[in-house]
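Dear colleague,

Please find the structure below, handed over for your records.

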Amino acid sequence: MSEDAIRENIVRWGKSLFDRGLTAGSSGNISARVDGGYLATPTNSCLGFLDPARLSRLDAAGNHVSGDPPTKELPLHFSFYEGRKCGAVVHLHSTYATALSCLSDIDPADAITPITPYVVMRVGRVPVVPYTRPGSAEIRPLIAPLIPDHSAVLLENHGPIVSAATLDGAVYAIEELEEAAKLALLLRDLPVRRLPQSAVDDLNATFKLR
Ligand SMILES: O=C(CO)COP(=O)(O)O
Ligand SMILES: [Zn+2]
């Protein structure tokens with residue numbers, strides 16, 4: 001994909017996510033790899049009203065080279081780019097995944113019980129990263145050990161962040177995570193049949209996550 005096409009894709013997905021209420025106000029951010037560096041959404045921008053020409057352009061080391069100043073969450077995004085092979089990162093404050101990140105009795109190693117196949121296929125096991133101030137580089141040592149084995153994490157009392165090989169893939173994954181969180185909360189006080197481990201193993205073997 002050309003850089004121009006990736007710019008258009010970031011704008012298209014940003015508008016779609018915002019229009020569907022998956023992140024509010026100026027919350028959330030998107031980044032994607034391009035030749036020689038990265039594109040990222042500007043800090044304090046609304047994902048519903050992005051301008052392709054004003055997206056932040058970063059060099060391969062993450063230095064801002066053109067466009068508006070980048071999201072303050074670059075330390076988070078670069079934890080993914082440095083820790084695993086991926087081409088895009090999406091962070092949202094989507095309601096249900098964020099609600100899950102605020103529960104005090106959540107398993108920090110496994111926040112989403114696998115009850116449907118798609119969350120296993122698109123997201124995998126989701127750990128919770130301890131709270132740090134939005135934009136703080138203090139998150140790096142907390143998140144770094146998790147990234148090689150996880151394409152998605154929940155930021156405690158904050159929200160989800162997901163990576164994938166492509167931007168389309170990262171959006172599909174964060175939407176699936178949101179749906180799984182919604183189901184988890186809807187079913188919280190009901191007797192739930194989780195997927196048997198044999199089914200989870202079969203999905204993991206058949207649909208390899210990157
Ligand atoms: O979600 C956000 C912080 O966690 C939004 O921050 P930015 O506006 O800097 O991208
Ligand atoms: Zn945020």
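**Strand β2 and Tyr38**

Y38 is found in strand β2; helices (H or I, at least four residues) and strands (E, at least two) are DSSP runs, numbered from the N terminus. This is a predicted model, in which local features need pLDDT of at least 70 and side-chain atom pairs count only at pLDDT 80 or more, while totals for chains, interfaces and linings use all residues. Residues are numbered from 1 along each chain as its sequence is written, and chains are lettered from A and ligands numbered from 1 in the order in which they are written.

Y38 counts as buried because it has 26 C-beta neighbours inside 10 Å. Leaving aside residues up to four places away in sequence, Y38 touches S31, A32, R33 and L58; two residues are in contact if their C-beta atoms, placed from the backbone, lie within 7 Å. Between the C-alpha atoms of Y38 and R54, 16 residues apart along the chain, the separation is 13 Å.

**The sheet**

Eight strands form an open sheet with mixed pairing, in the order β4-β3-β2-β1-β5-β8-β7-β6. Two strands pair if DSSP finds at least two bridges between them. The edges are taken by β4 (64-66) and β6 (128-129), each with a single partner strand, so one side of each is left without a neighbour in the sheet. Strand β3 (residues 56-59) runs antiparallel to β4 and is joined to it by two bridges, with L58 opposite H64 in β4.

Strand β8 is largely enclosed by the rest of the structure, because six of its six residues are buried. β5 pairs with β8 in the antiparallel sense over four bridges, and A88 stands opposite A164 in β8. β7 and β8 are likewise antiparallel, over four bridges, and here A152 stands opposite V162 in β8.

**Helices across the sheet**

Helix α1 (residues 3-19) lies across β1 (29-34) and β2 (37-40), at about 165° to β1. Helix α6 (residues 167-186) lies across β1, β5 (88-91), β7 (152-155) and β8 (159-164), at about 145° to β8. Axes are lines fitted to C-alpha atoms, for helices over the stretch in contact, and angles run from 0 to 180 degrees between N-to-C directions.

**Two asparagines with positive phi**

Most residues other than glycine have a negative phi. N157, although not a glycine, has a positive phi of about 55°. It belongs to the turn of the hairpin that β7 and β8 form with three residues between them, and N157 counts as partly exposed, with 13 C-beta neighbours inside 10 Å. N44 also has a positive phi, of about 65°. N44 lies in the loop between β2 and β3 and counts as exposed, with 12 C-beta neighbours inside 10 Å.

**Ligand 1 and the annotation**

N44 is also among the residues around ligand 1, together with S26, S27, G28, N29, T43, T71, K72, E73, H91 and P134; a residue is near a molecule if its C-beta atom, placed from the backbone, lies within 6 Å of it. This shell divides into one nonpolar, eight polar and two charged residues. Ala, Val, Leu, Ile, Met, Phe, Trp, Tyr, Cys and Pro count as nonpolar, Asp, Glu, Lys and Arg as charged, and the others, Gly among them, as polar.

The unreviewed UniProt entry carries the annotation "domain: Class II aldolase/adducin N-terminal" for residues 8-185; such annotations may be inferred rather than shown by experiment. The end C-alpha atoms of residues 8-185 lie 34 Å apart, and the span is 33% helix and 19% strand.

With kind regards

Terms used. A residue is buried if 20 or more other C-beta atoms lie within 10 Å of its own, exposed if 12 or fewer, and partly exposed in between; C-beta atoms are placed from the backbone.
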